[in-house]
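The structure is shown first.

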Amino acid sequence: MKTILTHSPIAIAIFWISVYLGLTLVPLLVLLLYPPMSIEARGFWVEFSVALGFVGLAMMALQFALTARINRVEASYGIDIILQFHRYISIVAVLFILVHPAILFINQPETVALLNFPEAPWRARFAVMGTLALVALIITSIWRTRLKIPYEAWRTLHGLLAVLALGLGLAHAIGVGYYLSLFWKTVLWGAIALAALWLLVYVRLVKPWMMLKKPYLVEAVESQRGDSWTLALRPHGHNGFTFQPGQFAWITLDVSPFHMREHPFSMSSSGSQSDRIEFTIKALGDFTREIKHVPPGTRAYLDGPYGVFTSDRYPDTAGFVFIAGGIGITPFMSILTTHAERGDDRPHLLIYAGDRWNDLIFREELEALRDKLDLQIVFVLRHPHEGWTGESGYVDKALLERYIPHYRGSRQYFICASPRMMDAVEAGLHHLQVPPTHIHMEHFNLV
Ligand SMILES: Cc1cc2nc3c(=O)[nH]c(=O)nc-3n(C[C@H](O)[C@H](O)[C@H](O)COP(=O)(O)OP(=O)(O)OC[C@H]3O[C@@H](n4cnc5c(N)ncnc54)[C@H](O)[C@@H]3O)c2cc1C
């Protein structure tokens with residue numbers, strides 16, 4: 001494993017995909033290796049339906065690993081892609097689990113009687129309750145905003161429903177007992193259940209406990225333009241952490257990390273300065289609107305660093321193009337400051353869009369960075385004031401074409417903005433023949 005993990009990001013990504021497929025399919029193969037009776041005895045469709053059930057169950061157990069913020073996995077893909085995978089694969093798992101009884105009902109119509117909840121045996125009741133928990137999980141996740149479920153409440157509910165669905169699914173499989181009747185097969189699925197349980201304990205108890213031992217204190221809260229605030233944290237009794245510029249951390253403020261009330265923010269300060277870590281936060285909702293009132297000395301906890309949105313992954317590139325919209329400037333502020341400190345002499349182009357001139361955060365700091373870096377800045381205003389001679393409107397293909405280098409593949413392109421702007425910029429870069437592997441995006445709206 002050590003040798004694989006020192007290979008290229010693609011090799012590492014392929015390694016983790018193989019691990020995923022292995023973990024999903026091996027338990028099934030082991031179960032099928034020595035079936036209690038020949039396949040012909042129950043017929044192909046029944047066996048196929050059971051196989052779907054087991055694969056779906058293994059996929060559900062693995063969802064706990066996907067969302068446990070395991071650094072090595074996260075460092076190969078980035079949280080965006082992992083959560084995207086988590087969402088899509090959960091829909092596949094649910095389909096497998098729903099098709100599993102559907103095949104049985106069609107193939108053996110008498111099994112429909114198992115849906116009669118008061119009369120049905122416990123193994124069937126577990127299946128029905130587990131499926132309902134799963135359906136509730138999917139509905140509350142896909143339509144969370146439409147159902148007006150606040151993020152924090154949703155997160156707790158999501159965890160509870162996930163544990164319930166997996167626990168009931170396993171209880172159903174053990175209750176049916178057909179494949180799990182052999183002792184060591186029960187041990188195998190017991191191990192899967194224990195691993196999922198351990199991940200839950202790790203995320204909810206071990207990790208918060210480790211964070212509790214490394215507190216930070218709020219050193220300052222500084223007002224910025226665009227209704228934003230820079231929160232500066234100083235490690236208290238430990239050395240803090242260094243990070244790759246562009247990465248982010250989960251912040252817990254003024255409550256114990258066991259509360260799981262944490263929010264992700266990109267660091268906006270230099271990656272090499274571990275004794276004062278800064279985050280620049282736009283007031284948008286319940287948590288972010290309170291930042292300006294946080295008194296110095298308040299206790300904070302950080303879980304991080306995370307993320308692959310960093311220039312450090314491309315040490316051999318000839319230069320960088322950064323495209324920021326509004327608060328999306330924060331990771332670039334960290335990258336540019338760090339590059340200036342390192343004396344990086346590669347060309348940097350920053351295209352920075354905002355509503356109005358007075359909304360653009362870090363204007364002066366960016367101007368000052370021009371003296372230390374090969375840095376070209378293009379400000380783009382959606383609502384330019386009178387006399388503005390710079391770029392205005394949207395960052396589209398035409399604007400990008402005016403600034404990005406002719407040899408598109410010679411740069412790495414990073415985009416952090418609103419979802420709409422990111423889509424438009426990505427499409428523009430594709431039209432301009434920028435290689436897709438050179439385009440990197442950070443979404444601030446994970447869920
Ligand atoms: C990788 C990453 C980096 C980010 N960096 C910055 C940054 O540098 N500066 C900045 O101002 N914002 C940043 N954000 C966005 C920031 O996390 C949200 O604006 C903030 O969590 C909103 O919380 P709220 O309670 O104020 O708003 P709400 O109105 O409660 O939430 C608005 C939306 O933010 C998201 N959100 C809310 N709470 C959480 C949470 N605990 N975890 C994850 N998402 C949540 C949900 O999509 C929600 O619908 C970043 C987000 C991500 C994913």
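## A salt bridge and its setting

The side chains of E262 and R155 form a salt bridge with an N to O distance of 2.8 Å; the term denotes a side-chain nitrogen of Lys or Arg within 4 Å of a carboxyl oxygen of Asp or Glu. The model is predicted, with local features requiring pLDDT of at least 70 and side-chain atom pairs pLDDT 80 or more, while totals for chains, interfaces and linings use all residues. Residues are numbered from 1 along each chain as its sequence is written, and side-chain values use heavy atoms, without hydrogens and water.

## The contact of domains 1 and 2

An automatic or database assignment sets the domain bounds: domain 1 spans 2–210, domain 2 spans 216–306 and domain 3 spans 313–441. Twelve residues of domain 1 and eleven residues of domain 2 take part in the contact (heavy atoms within 4.5 Å).

About 1100 Å² is buried between domain 1 and domain 2, with 57% from carbon and sulfur atoms; this is the accessible area (1.4 Å probe) lost when the two parts are put together, summed over both. Of the area that domain 1 buries against domain 2, R69, E152 and P208 supply 42%, more than any other three residues. Two salt bridges cross the interface of domain 1 and domain 2.

## The sheet

Six strands form an open sheet in the order β4-β3-β6-β1-β2-β5, paired antiparallel. Strands are DSSP runs (E, at least two residues), numbered from the N terminus, and two of them pair if DSSP finds at least two bridges between them. Strand β3 (residues 248–253) is joined to β4 by four bridges, and I251 stands opposite H263 in β4.
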